[in-house]
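This briefing goes through the domain arrangement, the ligand surroundings and some points of backbone geometry. Please read it alongside the sequence and the coordinates.

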Amino acid sequence: MRTFAEELAALRSEGLFRSMRVVEGSQSGRILLDGREVLLFCSNNYLGLADHPKLKKAAIMAVESSGVGSGASRLVSGTMELHEALENRIAAFKGTDAALVFNSGYAANTGIVSAIVGRGDVIFSDRLNHASIVDGALLSRARFVRYPHNDMTALRRLLEDTEVENGRRLIVTDGVFSMDGDLAKLPELAALKREFGALLMVDDAHGMGVLGETGRGCAELCGIMADVDIQMGTLGKAMGSFGAYAAASGEIIDYLVNRARSFIFSTSLPPAVLAASMAALDMVDSPDGAELRASLARNTLLFKSGLQAAGFDTMGSETQIVPVYVGGAEQTMEFSRLLLAEGVFVQGIRPPTVPAGSCRLRCTLMANQSEDDVVQAVAAIISVGKRLRIIE
Ligand SMILES: *Cc1c(COP(=O)(O)O)cnc(C)c1O
């Protein structure tokens with residue numbers, strides 16, 4: 001049997017060893033890393049709400065009125081007025097009958113997928129879907145069929161060829177793919193779902209608050225909100241708070257309350273987090289929210305066009321997630337280290353998060369970055385990219 005020390009040594013020798021970096025201060029455009037100010041280009045705080053005064057005030061007031069902990073799981077005594085208010089607000093925002101809050105996106109996906117399908121059912125899942133969807137699929141014991149990324153012809157063939165007697169078919173996809181920043185083909189998926197009588201679930205972790213005219217997410221952007229049976233999304237990224245939700249019909253939500261184990265067997269979210277999420281929804285749904293989205297879009301365009309003009313491969317990014325293709329794990333981590341020396345904090349992404357040979361820097365834009373900082377980051381990436389001979 002290999003020892004843990006041997007396993008860790010193997011990870012190190014393959015350039016796959018991971019460790020955490022401690023940042024000081026809030027998730028704004030500049031943070032302190034080892035006491036030094038650097039530009040932050042790897043946070044999912046897309047709208048800059050994580051330290052917004054309105055969210056902070058809402059959280060503090062909720063602590064004053066309702067305390068710090070929620071005390072129990074939702075089906076025991078852990079359903080507070082704030083849970084119900086937030087769920088009603090999310091359902092109204094998403095245009096669904098009902099919504100259910102989960103403790104995180106990871107808990108939501110494992111809970112939802114393992115609840116709505118089981119033995120005898122089949123899950124059709126994009127190969128680049130988030131790990132939490134894959135884990136939910138494994139927990140469900142349903143047959144798990146993965147289709148090549150965004151390949152609708154292949155998905156159709158799999159739907160035709162996969163026998164399902166009496167069982168459910170679930171098509172599940174990220175709305176925005178978290179490591180590539182491209183979009184799912186939702187109109188085509190909606191048509192396939194109707195043709196084959198399948199359920200469609202969309203994970204909008206990176207679209208909620210950001211995409212669509214009013215920030216309602218990728219389904220709004222694609223004009224197919226009514227076709228998605230389960231809209232899952234998170235509250236810890238663009239929403240600046242924490243937690244996740246499922247928005248769906250009253251029937252599906254009741255079913256999740258009875259069957260989603262990550263919902264049933266876990267202490268519920270605390271008041272401060274719920275109140276911050278409510279304040280975030282108010283912001284996103286207001287003219288201030290539209291302004292933040294416009295600022296994020298400006299920063300994204302400036303950043304992406306600068307890198308593309310310099311010859312970088314941004315891997316089909318269509319959103320504020322901008323990968324910079326590198327290839328090998330060692331070189332990717334070297335790129336990230338050199339960038340940090342230049343004062344830009346970006347994480348390198350390696351297997352198992354992405355397939356071997358497709359390592360990349362995963363850069364993310366935020367509404368609270370200044371134009372000067374974006375320009376400076378682009379210059380630093382170009383300079384290091386030339387040094388490493390990734391571009392000429
Ligand atoms: C981040 C993410 C999750 C997990 O959400 P958490 O709230 O961070 O647990 C789920 N799905 C996708 C696509 C994500 O990017």
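Predicted model: local features only at pLDDT ≥ 70, side-chain atom pairs only at ≥ 80, totals over all residues.

**Interface of domain 1 and domain 2**

- Contact between the domains involves 19 residues of domain 1 and 21 residues of domain 2.
- The size of an interface is often expressed as the accessible area that is lost when the parts come together.
- For domain 1 and domain 2, about 1500 Å² is buried between them, and 53% of this area is on carbon and sulfur atoms.
- Two salt bridges are found across the interface of domain 1 and domain 2, and a salt bridge also joins the side chains of Arg-360 and Asp-180, with an N to O distance of 3.0 Å.
- Polar contacts across the interface of domain 1 and domain 2 amount to 11 residue pairs, counted where both residues have pLDDT 80 or more.
- On the side of domain 1 that touches domain 2, the elements giving two or more residues are α12 (287–309), β11 (321–327) and β14 (359–364), and α12 gives the most, with five residues.
- Sorted by class, that side of domain 1 has seven nonpolar, seven polar and five charged residues.

**Surroundings of the ligand**

- The ligand is surrounded by 13 residues, of which the closest are Gly-105, Tyr-106, Asp-203, His-206 and Lys-237.
- Gly-105 places a backbone N or O atom 2.7 Å from an oxygen atom of the ligand.
- The side chain of Asp-203 has an N or O atom at 2.6 Å from a nitrogen atom of the ligand, and for the side chain of His-130 the distance from an N or O atom to a nitrogen atom of the ligand is 3.5 Å.

**Backbone geometry**

- Most residues other than glycine have a negative phi, and most peptide bonds are trans.
- The peptide bond that runs from Pro-351 to Pro-352 is cis, with omega near 5 degrees, and Pro-352 belongs to the loop between β13 (347–349) and β14.
- Arg-141, although it is not a glycine, has a positive phi of about 65 degrees, and Arg-141 sits in the loop between α5 (131–140) and β6 (143–147).

Terms used
Residues numbered from 1 in each chain as written. Heavy atoms only, no water. Contact = heavy atoms within 4.5 Å. Buried area = accessible area lost by both parts, 1.4 Å probe. Salt bridge = Lys/Arg side-chain N within 4 Å of Asp/Glu carboxyl O. Polar contact = N/O pair within 3.5 Å; in protein donor to acceptor, adjacent residues only side chain to side chain. Helix = DSSP H or I, 4+ residues; strand = E, 2+ residues; numbered from the N terminus. Nonpolar A, V, L, I, M, F, W, Y, C, P; charged D, E, K, R; others polar. Near = heavy atom within 4 Å.
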